[in-house]
Structure formats: structure tokens, C-alpha cells
Amino acid sequence: MIALLPQQLVLGLLIGGLYGLAAAGLSLVFGVLKVLNVAHGELIMLGGYGAFWLFALAGVDPFASLVLVIPATLALGAVLYWALFGWVVRYHEETRIKNSLLIGFGLALALHALAVRLWTADERSITTAYAGSVIEIAGLTVPLVRLASLVVAFALIGALHLLLTRWRWGRAIRAAADDWEAALLTGIDVRRAYVLAFALGTSLAGAAGVLVSVGYSISPSIGLEWTLKALIVIVLAGLGSTFGTFAGGLVLGVAEAVSATVFGGPYREVVGLVIFFVVLVARPQGLFAR
Amino acid sequence: MPESAAAHPRAALLDVEGVAASYGPFLALSDVTLSLHAGEIVALLGSNGAGKSTLIRCISGLLRPRAGDIRWDGASLVGVPAHAIVERGIALVPEGRRLFPSMTVEEHLDLGAFAPRARAERARSLDEVHAIFPVLHERRKELVSSLSGGQQQMVAIGRALMAAPRLLILDEPSLGLAPRVVESILGVLGDINRRGVSILLVEQNVHAALGLAHRAYILESGRVAGEGTGRALLDDPHVRRAYLGPLAARS
């Protein structure tokens, strides 16, 4: 069993990159708006089906479909903000979370029902011509598609980092996260920074969904599972560091692989909750928080 | 920062007319009328809870008055969002500085010039801020958390100046600072004023504030209880007893 460990570690790292990407979007929205969008996993699911449709109906390569899915989910995020989450942001910061939970659960149910209607409850995945390709490195088998997904996830995290540090509105988003009232007094339209942050978070979910659909599988019910993974990564990594969140995703992926190999498959899902608990008790600000 | 004084020095730049404001059921301002002319330094004095911060929140758009009007350069500010008020030329240095912990000195000054008008003057404003506070240039790459309290206050003032304001409002800029630092910060306000920026100053340190200000208003229980030139108020036995303590009243 231990002989399998190196191979499992590789697979853990590969899925961990997607955990990191999934968490980055949720972390951005939570850190800036102080709103917890529990429908984040359903947005990932929608992104996955977007790529699935583009592939099945139009033959678009899933990696190329990112070029369409990212802008589409940016727009979706803006619409969701105006229709739903923008109302919550008017409340005092402390009451935002519980109100956003209600909206998020409602949205998750609605999106789940919509996905069942549109795509049935069956599991889907995108099988490209190169889907089965692997590369062998030092006796380890690395699925090409998943490796490419990890690289794309890391590139998107890098792009997010650049946006938040170099772009004028990216800095405005960070200022609004630090102290929204001081941001207003600095001349920043905080509402607009909120819309941008929510749209960015939604498009990160959409991109993560595309990568999930190509290396793994999607179904209408994967949402909750991905929201949970993202939450565990946020607790693990803390808020405010983009690369820290990505690293947190890798740690969770590796921890799951180790516990599944050592203790058996069912323990894969347990380790995340154990990490959740231990970090909350021992280092509540997260491992990588500033 | 624009050049000083309008063509009509007596035309008020800021007019607060009969403003009332409340937090929930608690009436914090009942009927405040005051004005500030271009080029002036006006001090706003009063004990804790007199309504100074509430008035400032109304002027800067963080709180909507229940009654009355606030006119800036002839146009009403009531209902104008806070970020748009900055664009119109009023910048507030909030109590407690309210810096962004995740950002460097440089990023604060850059964000200060966020609004379009301020962005157009960014380079010139930055030179002026660096001329006023050279230490902000030396430590531009550092996170603000590594700065001393006085330096953090300089960042807060610098960030507000980057908005190229015509009116700079400061809420308790000396709070929690050592006396020597307070002196230098308040001294800098005189320099800033000479560069053409009007100043509305809320300050606990009444003696220093009255020494600096051209005029002052005294707020008591949400209304204006007194008004005068800095010197006159400083010599007024009533004011001395109320705000400088009984010893000062006798001396």
C-alpha cells in the first residue's frame, strides 16, 4: 500500500491545484464583501457544464472554452450580484454572513434543479482525443490532461495576483476588503469594487469547473462537495493571500491522497474535516495568512 | 492641490445650514449652521459626544442628514455618495487613521489619487506630499504596519492630499501621538494651508487648535454653542473654563 504512495501524492497535487483555484474565488468574495456564497460549488458545476456543452455541441476544446466560459461567468457574477448579493451588502458587516447563507443556499438549490433539467442527473465528463494520454516521470504516471489543468490553474492564480496588485481597480478591491469606509473616503466607488470582486470570484469558479469537467467528472450534485473543499482550503490558508490559497489547495489534495492510501479510500473525505478542526483550534487565522 | 483663495474671498466654500442627524433614534446633531471660506483653517471644538464626528460624517457623505442642507461651492452635497464627494474636492483624514493593513506606503498614496480628477494631477500631488513628508518617500516600499504612529498619521494625511482636495478635514489627527509628534503634525497643517488647501480641524488639543485656526466653532449637545476667531476664543474666560479647565480660567 505504501508503495502506491508516491503515485497517489502526484494525483493529490493535481487535484489540489483545482481545490486551490476553487477556493481562490470563494476567498476573494468572502474577504472583500464579507459575504459567504455557499453556492460557489454550484457555480463551479455550471462552468463545467458550460465547457461540456461547448465540447458536445460545437466541438470546442475544453481548454480553449476557457476563453468563452471566463467572460460568460464574469457576466453571470455581475448579474448575481445585482439580483441577489448586492442586497446583502447593504447590511452591517456582521449580519451579512447569515443573510448571504440564506441567499446562497437558495441559489444552490435553484442551480442544482436547473442543471438536472438541462443536463439530467447523470455524471458527465469531457473525453477529448488526448484524454488518455499520460507522461511517465521517474516511474510515476502523470495524466496529461490533469497536469495541464494544474498548470492552467496556477496561471489563473498568477493572473488574479497581478490583477489585485497592479490593476487600479484590483487595488481598490483590496482596499475595500481592508476597510470599506476608508476606501470610500479615498474616493473609491466601493459598490463597484464589490461587483468586480464578485464577478471575478464567479469567473474563477467557472474556470475551475471547466478544469474539473475535463480531468474529472461533473454532475448537478457536485456543488456542495466543492463548496466544502473550498471552505476547508480557506480555513487552512487564511484570507488575503492569493498564492497562500493555492498552496492550501495543494496541501489538502496531498493530505487526502495520503489518508486515502494509508487508511483506505473512505478516509479521503475525513481528512479535510480533521484539518478544518485542527486549524481552527490551533491557528484560526490560517497557515498562510499575513 | 489647487491654488489658493477664490476671487471672492468672502464667498463661503462650505455652508452647513440647519443640519440635523441621528443614529437610529439617537439625535446626534439637532441644528448646526456653520460655514468655511476658501483658504481658511476652521477648528471644530467640543467635548466627546458633542456631535463633531457626526457632522464630519455628514459632510463627507457617510451619513445622510435628517434635515438641513450642506452646500459645497454652491451645490448641495446631501445624497451625493461619499466617493463622489472626494472627487468634488473634500478629503477626510478619519479618526484613528484607518489605513489599509495589507498595503505599502506607496500603494496608499497611489490609491489616494483614485478619482479621475486626482489621477490627472497624481505626479504633482505626489511631489508635494513627498516635499511635505520626506519620510514617506524614504519608506515608500514598507507596509504601513511597520511605521510609527506619527508616520502612519502622515500616510493618512498624504493619502487625503493625493485626492487633490480644496478642503481637508481632519478628525482628531493628534489622538494617541506623543506631544512632540503632535506639534510637528499640526505645524504641517499650516504649510498645507499655505499651499491653498482649506482645513476643517476637529481636535482635542484645544490650545493648539485655536493657535492654528483662523476661526473656530464650539459644538455642544449637537448644536453650535459659540463661534469666533481662534485668539478671541482662546482669551474668552467662558471657553477657557469649559475646555481648558478651571486652572486655565483663573490664570
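In this predicted model, A:Leu185 is classed as buried because 28 other C-beta atoms lie within 10 Å, against a threshold of 20 or more. The residue belongs to helix 7 of chain A, which covers residues 180–185. When neighbours within four places in sequence are set aside, A:Leu185 is in contact with B:Ser60, B:Ala82, B:Val86, B:Leu92 and B:Pro94.

The largest nonpolar core comprises 176 residues, and those with the most contacts inside it are A:Ala22, A:Ala176, A:Ala197 and B:Leu201. Helix 8 of chain A (residues 190–215) supplies the largest share of this core, namely 16 residues. For B:Leu201, again leaving aside neighbours within four places in sequence, the contacts are with B:Ile41, B:Ala43, B:Leu44, B:Leu170, B:Leu189, B:Ala209 and B:Ala213.

Helix 4 of chain A, formed by residues 93–119, has 27 residues and reaches 38 Å from its first C-alpha to its last, a span close to the 39 Å expected at 1.5 Å a residue. Within helix 4 of chain A, the residues A:Ser100, A:Ile103, A:Gly104, A:Leu107, A:Ala108, A:His112 and A:Ala115 are buried, and the buried residues of this helix pack against three other helices of chain A, helix 2 (40–58), helix 3 (62–88) and helix 9 (223–237). Following helix 4 of chain A is A:Thr120, for which phi is positive, near 60 degrees.

How values were computed
Residues are numbered from 1 along each chain as its sequence is written. Chains are lettered from A and ligands numbered from 1 in the order in which they are written. This is a predicted model: local features need pLDDT of at least 70, side-chain atom pairs count only at pLDDT 80 or more; totals for chains, interfaces and linings use all residues. Helices (H or I, at least four residues) and strands (E, at least two) are DSSP runs, numbered from the N terminus. The expected span of a helix is 1.5 Å times one less than its number of residues. A residue is buried if 20 or more other C-beta atoms lie within 10 Å of its own, exposed if 12 or fewer, and partly exposed in between; C-beta atoms are placed from the backbone. Two residues are in contact if their C-beta atoms, placed from the backbone, lie within 7 Å. A nonpolar core is a set of buried Ala, Val, Leu, Ile, Met, Phe, Trp, Tyr and Cys residues joined through C-beta atoms within 7 Å.
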